[in-house]
Amino acid sequence: MTANLAQGRYQYSCDGRTMPVQDDWQLGRDDKGGLMLVSRRLVGEQGHGMEVHALMSAGLVTECRVVWKDEMDEVNAHYRLAPAAGEAPAMGNPIEAEWTGPNGLQQSVLTGNNRLLFPLMRIFMGPLLLRLCDMEFGVEVVTPDIVDPSQRGKLLAPRVNHRRAAILPGDANIQGVHDLGPDIRVFSYLGDEAERDAYCFVDQRGLLVGYDWPSSTGRLWQVRLRDLEWSPELVSLC
C-alpha cells in the first residue's frame with residue numbers, strides 16, 4: 001500500500017459490555033493507483049481470526065485475498081471478478097475462487113447476473129448496503145465460508161446466499177442514531193447471518209458507522225466505528 005487515505009476500527013459490544021474483538025482497517029492505494037482496503041478481525045488473546053486484502057472500484061470489490069488463522073493452521077483464499085477481455089469489472093462478472101482445502105488447492109467459478117463479491121468484514125458493508133437498497137428483491141452474495149471453521153474442507157470455500165436491505169424513513173424511531181453523526185442513513189438488513197430487527201447505519205461517505213442486531217438468545221450486539229481518520233482527498237468509499 002503506497003498511500004494511507006483512511007483508517008479506523010470497529011468496537012463490538014454485547015448488551016453494553018465491550019467484547020474482545022479487534023477489528024481494524026486501512027484504505028490506501030496499490031502500486032497501480034487503485035483503491036486497496038485491508039481489514040483484520042481478530043478475537044481473544046491469541047489473535048486468531050481473519051485478514052482481507054481487497055481491491056475496490058466504484059464501491060465494488062473486484063479482487064480479494066483472504067487469510068484465516070487459528071490454533072490448527074492457516075487457510076488462504078483468492079477471489080476475483082473475471083470480466084471479458086478489455087472490459088472493466090462489473091456486477092454480474094463470473095467470480096473465480098481458489099482456496100486451500102485439506103486436499104490441496106481447490107478452484108471454482110461462480111456465474112450469475114445478480115451476484116456480488118463480499119469479503120465479510122464490516123468495512124465492506126457500507127458499499128454493499130448502498131447497492132442492495134437499489135435492488136428491490138436483493139442479490140446473491142458470494143462470501144468465503146467461515147460458518148464452521150472446524151470443517152476444514154469448507155473453510156473459505158465460496159458460499160452463496162441471498163441478502164436484502166432497505167432504507168428506513170428519516171423519522172424512523174431508532175434509538176441512538178442521532179449519536180452517530182449527521183446525515184446517517186438507517187438500513188434494515190436481512191442477510192444470511194442477520195437476525196430480524198437488524199439495523200445498519202451508514203454515513204454520506206458510504207462508511208458503516210454502526211450495526212445493531214439481536215442474537216437468537218435475545219442479546220443485543222452492537223458494532224460502532226471508532227478512531228476514524230479520513231483524508232480530505234477521498235470523497236467516499238463508493
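**Close-up views of a predicted model**

Nine nonpolar residues, one polar residue and one charged residue make up the lining of the largest cavity. Keep in mind for every view here that the model is predicted.

**View 1. A cavity inside the structure.** Searching the whole structure turns up one cavity of 30 Å³ or more. The largest cavity holds about 80 Å³ of space. Its lining is formed by Met56, Gly59, Leu60, Val61, Leu116, Leu117, Phe118, Phe124, Pro127, Leu128 and Arg131. Strand 6 (60-69), strand 10 (115-117) and helix 1 are the elements that give two or more residues to this lining. Helix 1 provides the largest share, with three residues.

**View 2. Helix 1, mostly under cover.** Now look at helix 1 itself, which spans residues 125-132. Seven of its eight residues are buried. The buried ones are Met125, Gly126, Pro127, Leu128, Leu129, Leu130 and Leu132. Two of these buried residues, Pro127 and Leu128, also show up in the lining of the largest cavity.

**View 3. Cysteines without partners.** How many disulfides does the structure hold? The count is zero. Cys14 is in no disulfide, and the nearest cysteine sulfur, on Cys200, is 17 Å away. Cys200 is in no disulfide either; its nearest cysteine sulfur belongs to Cys133, 12 Å away. Both residues are tucked in: Cys14 is buried at 7% relative accessibility, and Cys200 is buried with a relative accessible area of 0%.

View 4. The closest N and O atoms of Arg40 and Asp24 are 3.3 Å apart. Arg40 is partly exposed, at 25% relative accessibility.

**View 5. Arg152 and Asp73, a link between loops.** In this salt bridge, the closest N and O atoms are 2.4 Å apart. Arg152 comes from the loop between strand 11 and strand 12, while Asp73 comes from the loop between strand 6 and strand 7 (74-81), and the two are 79 residues apart.

**View 6. Arg224 and Asp212, a buried pair.** Here the salt bridge brings the closest N and O atoms to 2.8 Å apart. Arg224 belongs to strand 16 (residues 220-230) and Asp212 to strand 15 (residues 208-214), which puts them 12 residues apart. Both partners are buried. Elsewhere, salt bridges with shared partners join Asp24, Arg40 and Glu51 into one network.

**View 7. Two residues with a positive phi.** Most residues other than glycine have a negative phi. Leu156 isn't a glycine, yet its phi is positive, at about 70 degrees. You'll find Leu156 in the loop between strand 11 (139-144) and strand 12, buried with a relative accessible area of 0%. Asp183 is not a glycine either, and its phi is positive at about 55 degrees. Asp183 lies in the loop between strand 12 and strand 13 (185-190), and this residue is exposed, with a relative accessible area of 55%.

**View 8. Asn161 and Arg163 in contact.** Asn161 is part of strand 12 (residues 158-167). Its side chain makes a polar contact of 2.9 Å with the side chain of Arg163. Asn161 is buried, with a relative accessible area of 8%.

Key
Residues numbered from 1 in each chain as written. Heavy atoms only, no water. Helix = DSSP H or I, 4+ residues; strand = E, 2+ residues; numbered from the N terminus. Buried < 20%, exposed > 50% of the residue type's maximum accessible area, 1.4 Å probe, protein only. Polar contact = N/O pair within 3.5 Å; in protein donor to acceptor, adjacent residues only side chain to side chain. Disulfide = S-S within 2.5 Å. 1 Å grid on protein atoms, 1.4 Å probe; cavity = no way out; pocket = protein on both sides within 12 Å on 5 of 7 lines; lining within 4 Å. Points joined across faces, edges and corners; volume = space filled by probe spheres on them. Nonpolar A, V, L, I, M, F, W, Y, C, P; charged D, E, K, R; others polar. Salt bridge = Lys/Arg side-chain N within 4 Å of Asp/Glu carboxyl O.
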